[in-house]
Amino acid sequence: MKVTCHVSSYESGFMQFCEHYGSIREAVMAFAKMFESGGPLSPTATDCVMSVYPYTPEDNSLMSHNDYPMFQLVRGPRGGIRKWGV
């Protein structure tokens, strides 16, 4: 299932962007890689959230055409990725 993901983080400078992935698994892997050095998110940031929506090609960093995310991914207390149900 294709998904649209909105990523935001206050600690990384109010960063907010939109990415499209071919599957939920790809989105989870991409979120984990965003914390590696040179990635878009600070390696120490703990407030990062990836909201995962059903895919809509018109989605962009300012808006999602679905009302609510299916779930959110957050960084866990020991640096892992946790799924947070909405």
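Select Phe31 to start: Phe31 is buried, at a relative accessible area of 0%. Buried stands for under 20% relative accessible area, exposed for over 50% and partly exposed for what lies in between (1.4 Å probe, protein chains only). This is a predicted model, in which local features need pLDDT of at least 70 and side-chain atom pairs count only at pLDDT 80 or more, while totals for chains, interfaces and linings use all residues. Residues are numbered from 1 along each chain as its sequence is written, and side-chain values use heavy atoms, with hydrogens and water left out.

The structure holds one aromatic pair. Its ring centres, those of Phe31 and Phe35, are 5.3 Å apart with the planes at 75°, so the pair is edge-to-face. Rings of Phe, Tyr and Trp (its six-membered ring) pair if their centres lie within 6.5 Å; planes under 30 degrees apart are stacked, over 60 edge-to-face, and the rest tilted.

Next, show Arg75: its charged end sits over the ring of Phe35, 4.2 Å from the centre. The criterion is NZ of Lys or CZ of Arg within 6 Å of the ring centre and within 35 degrees of the ring normal. Lys83 and Phe71 give another case, with the charged end of Lys83 over the ring of Phe71 at 4.4 Å from its centre.

Now go to strand 3 (residues 49–54) and pick Met50. Helices (H or I, at least four residues) and strands (E, at least two) are DSSP runs, numbered from the N terminus. Met50 is buried, with a relative accessible area of 0%. Leaving aside neighbours within four places in sequence, its contacts (heavy atoms within 4.5 Å) include Phe31, Met34 and Phe71.

The side chains of Ser51 and Gln72 make a polar contact at 2.9 Å. Such a contact is a pair of N or O atoms within 3.5 Å; within protein, one must be able to donate a hydrogen and the other to accept it, and residues adjacent in sequence count only if both atoms are side-chain atoms.

Finally, zoom out to the protein chain. Its elements run β-β-α-β-β-β from the N terminus on. Of its 86 residues, 37% count as buried. The C-alpha trace spans about 30 × 20 × 20 Å along its principal axes.
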